[in-house]
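Hi there,

Here is the structure I promised to pass on to you. Have a look at it first, and then read my notes below.

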Amino acid sequence: MSSDQKTPRFSPAKTTVVFLLGGPGSGKGTQSANLVRDYGFVHLSAGDLLRAEQIRPESEYGALIKNYITEGKIVPMEITVALLSNAMAAELDANKDKYASAKPRFLIDGFPRKLDQAVFFEETVCPSEFTLFLDCPEEVMEKRLLKRGETSGRDDDNAESIRKRFRTFVETSMPVVTEFEKQDKVISVAATGTVEEVYERIQAGFEKRGVKPSS
């Protein structure tokens, strides 16, 4: 898919795309599960797709992705966007009967990380309906991640890594939120309190946008 292709692969009239953004530890994984259950979203995580592609036999991108990740660099957005686009196409293809009567809904988690990624995805794949932004203070996220680190076994669940990840989020991903806010395409939710309280706020935001739970 070349970057000069200006016709998106999927029409927003036929496909709903919602971006899910929030700092590390803001609760994206937890709330994604709620939205999949109640709203019929198909959850796509850019990180999961990259990790899966890295180990997939016969992958044209695998070695390249591995190289970027090993060197701590961001994988070229063309690859990430192609993986997301192909995952959407595969879902539609596998469930043709279901989507003959229902508009597919995709929840894209942790993407776009940068503004150029947002622009490229909307130009080539599908314009988003809106971005759900889980707004969480740094100290709350740090506390959650340190707690998770006690059992997660993740190398990056330590105070130093958490602060670096938070800085990266503020510098690279917040401009995405700011830009979409200008277009009135953001539901910003305070991601503090219990999981249930946060989810109630998300549901209220969806209700205002006319997004109903799937029957």
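What percentage of the 215 residues of the protein count as buried? The share is 42%, where buried means under 20% relative accessible area with a 1.4 Å probe, protein chains only.

Before you go on, please note that this is a predicted model, in which local features need pLDDT of at least 70, side-chain atom pairs count only at pLDDT 80 or more, and totals for chains, interfaces and linings use all residues. Residues are numbered from 1 along each chain as its sequence is written, and side-chain values use heavy atoms, leaving out hydrogens and water.

The protein has 9 helices and 5 strands; these are DSSP runs numbered from the N terminus, with helices (H or I) of at least four residues and strands (E) of at least two.

An open sheet is built from 5 strands in the order S2-S3-S1-S4-S5, paired in parallel. Two strands pair if DSSP finds at least two bridges between them. At the edges sit S2 (42-45) and S5 (186-190), each pairing on one side only.

S2 and S3 (residues 105-109) run parallel and are joined by 4 bridges.

Finally, the C-alpha trace spans about 45 × 45 × 30 Å along its principal axes.

Enjoy exploring!

Key: Buried < 20%, exposed > 50% of the residue type's maximum accessible area, 1.4 Å probe, protein only.
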